[in-house]
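Hello,

Here is the structure I promised to pass on to you. Have a look at it first, and then read my notes below.

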Amino acid sequence: MRLSYPTNVKIIKVPCTGRVDIILILKAFENGADGACLVGCLEGDCHYLVGNMRARKRVEYLKHILDECGIGGERVAMYNLSSAEGQHFAEVAREMTDKIRNLGPSPAKQTAVRKI
Amino acid sequence: MIVANRKPFEEIIAMLKPYSKILLLGCNECVTVCATGGSKEVAVLASEVRLYRQKESKPVEIKEVTLERNCDPEYLESLKPFIHDYEVVMSMACGCGIQFVGEHYRDRLVLPAINTTFEGVTEEHGVWAERCQGCGNCVLDRTLGICPVTRCAKSIFNGPCGGSQGGKCEVDKDLPCAWQLIVDRHKEMNMMDKYLEIQPMKDWSTSRDGGPRKRVREDLKI
Amino acid sequence: MSTQSNLERVLKSGAFAVTSECGPPRGADPEVVKKKGGYLNGYADCINVTDNQTSVVRMSSFSACLVLKGMGLDPVMQMVCRDRNRIAIQSDILGAAALGINNLLCLSGDHQKFGDHPMAKNVFDIDSIQLIQTVKQMRDDGKFISGEEVKGKPNIFIGCAENPFADPFEIRALRLAKKAAAGAQFVQTQCVFNVEKFEKWMEMVRDLGVHEKIYILAGITPMKSIGMARYMKNSVPGMDVPEEQIERLKGVPKEKVAEEGIKIAVETIERVKAIKGVAGVHIMAIEWEDRVPEIVKAAGLYPRP
C-alpha cells in the first residue's frame, strides 16, 4: 500500500506468532532492542488454529520476566491484525514507536543516554 | 518426576552479586519436564541476568550448559574442562543435582537457582501436582491407589477428617480431599467393607524421619 | 470397667448429659480459665478445654484442665494429632491420668494453615482413630504402642468428635462406627444448626447400631450475632448453617439478636433431645460461656444429676 511507518521498526517475518519463543525476544533486548512487538492474526483466524493464542500467553509471561530483570514489561506488546489491514499496521508501528520513545532507551544499553 | 520452581529473581541476583563469570547449569530430565531448569529455562534466566547486570553497569559472563542428568557422576565429568574457568556455579537442577556437583567439584560453590518442591506427575500440559513423598513403605494397595501420606494434608490413614467439604480439602478449596477420592474408589470397586477396617499406624522410620536413606545393590557395585 | 469420670457416671445412669467447653487464653493467666469454669460450674457434667483450636497458640489443654480440676470440676482434655508424635502423646496420656484428668477427646486437629503459625511443621504421626486405639490399649491392655508394659494404667474415659455435616456424607456414620470399634466411648458432634440433616445422620447411625455402642452428644452453639452466623456459614470448614436461621436473626431488632440466638439454641436442644440415640448435648458457647447457665435452665436440664 506504500504507506509509511517509522524506520526504526525492524520487521522479522515468522510463519506464525506461535513460533516465537520468548528467548528470541530476550536476545533482541540483549542485542540492543528498545522494544518488541508481536503482530499476529486476529483471534479465531489463526492459520495454525491457536498459534496466536499461545503467543499471547507467552507475551504475558515475557512481560513478567522483563519486569523482573528491570527492563520493563511495557516494552513488549502483542497486536492482532489481519494481513489486509495495512493502515492498521502502520498505526501499530507508530503507536509502538511513540510508546518506546517515551520510555526511553532500554536500561540494558550501556551507551544509552538515560535522561530524556 | 521431581518438580521445582525457579527462585524469585531478587534472590538469584543477590546470590550472584559478587560474581562476574558464572556457569549456569541445567538438567535434561525432571526439571525439563516441569519447565523449570531445562535448556530453555537456562537460556531465559541467563538472558535475564545479563540484561539486569547490563542495566546495573556490572556486566556478567554466563556459560549455559545443560547436562543430561546431574545425579549420575558420568555426566558431571563433562564439566571438568571448563568448570574452573568460572567463579561460581549456579544450578537449575534439583536439590540432588545441586549438591552432587558440589560434591564432585569441591572447590566450586554451587548455588541453587530453584526451589525443589515435590515428586509429582503432569496432570495436564503446564500443571504438575504432588503424588509421592517417598515414605519408604508404600500403602497404595490398602488405599486403592491413592496415597494418604501425600495427598491428605494431615496424612490421615483412617479418613476423612471433619474438614472435608464438597470433595475438597480444608487447606485449599482447589485440592481434592484424598479421602473423598479413596472412598469413591472403594465404592467404584464395590469394596466399601474394606473401608471399615482400621488402618494401623504408619512406621515413619523408613521415611525422612528415620534419617537420610540409601539403597545398595551389591551385585552392581564394580 | 469404669473411670472416675463424672460424664461417664451421668451417661451410664441414663440421664441426658450436658457438657460444655471453654477456650483457654492466649496468655499465661489462669484467672481467665477460672472465670469461665466459674460460669459453667454446676451446669455441665464435664467441661472440655480445647487444644490450640484452629491452630492458634493458647495455653495448653492439659494445664487449663488442671486449673479446672483445682476448682472441683471434671475436665475433658482435648488432644490433637497435629502437634504431637506418638511418644509425646503417650507421655501426656500418662501425665493426664496421673493428675486426675478422667476424660480425653481424641481429634485430628485443624491444619496449621488456619492458625497464627502457618509456617510450623505439622506432626500427624498418628490419626485420631489410632489415637483412640492407643488410649484404649494403654488403659485396658496396659500396653504402649510398642507393645511394652505400661506400669500404672491410665484410667480414662475416651471421647472423639464427628462432623455429621462434612463430606462425604454417606460415610460419616461409618466413620463413627470405626471410632466406636477403635474404643471411643462418647462422641461430641460438630455444632448442629441443620437439625434435618442431623436427623438423617442419626438414622444412618442407628441403622448401623452404633448408637448402642457409643454415647452421642449433639453439639450446640448459640449465635451471638448475624456476623457470627455468616462467618460460621461461610468460613468455617464443615459447618452447615441453614439460611432460615440467619433470616430469623435478621428479623429481630439489633438488641434482640443475641436473645434470638439463645432461643434457637434452646429449641435445637429440645429437638435433638427427642431424637432416638442422642444421649446428651455439648454446648460450645465460644467466648460466651456466661450464657450457658440460662441455656441449660431454659432447656429444662438444670439441676445436673
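Between chain B and chain A, about 1,400 Å² of area is buried, counted as the accessible area (1.4 Å probe) that the two parts lose on being put together, summed over both. Carbon and sulfur atoms give 57% of that area. On the chain B side, B:Leu51, B:Gln54 and B:Lys55 lose the most area to chain A, together 42% of what that side buries.

This is a predicted model, in which local features need pLDDT of at least 70 and side-chain atom pairs count only at pLDDT 80 or more, while totals for chains, interfaces and linings use all residues. Residues are numbered from 1 along each chain as its sequence is written, chains are lettered from A in the order in which they are written, and side-chain values use heavy atoms, with hydrogens and water left out.

Now to the residues involved. Chain B brings 15 residues to the contact and chain A brings 16 (heavy atoms within 4.5 Å). The two chains share 3 salt bridges (a side-chain nitrogen of Lys or Arg within 4 Å of a carboxyl oxygen of Asp or Glu). One salt bridge joins the side chains of B:Lys40 and A:Asp21, at 3.5 Å from N to O. Helix α3 of chain B (residues 39–55) gives the most to the side that touches chain A, with 10 residues; helices here are DSSP runs of H or I, at least four residues, numbered from the N terminus.

Best wishes

How values were computed:
Helix = DSSP H or I, 4+ residues; strand = E, 2+ residues; numbered from the N terminus.
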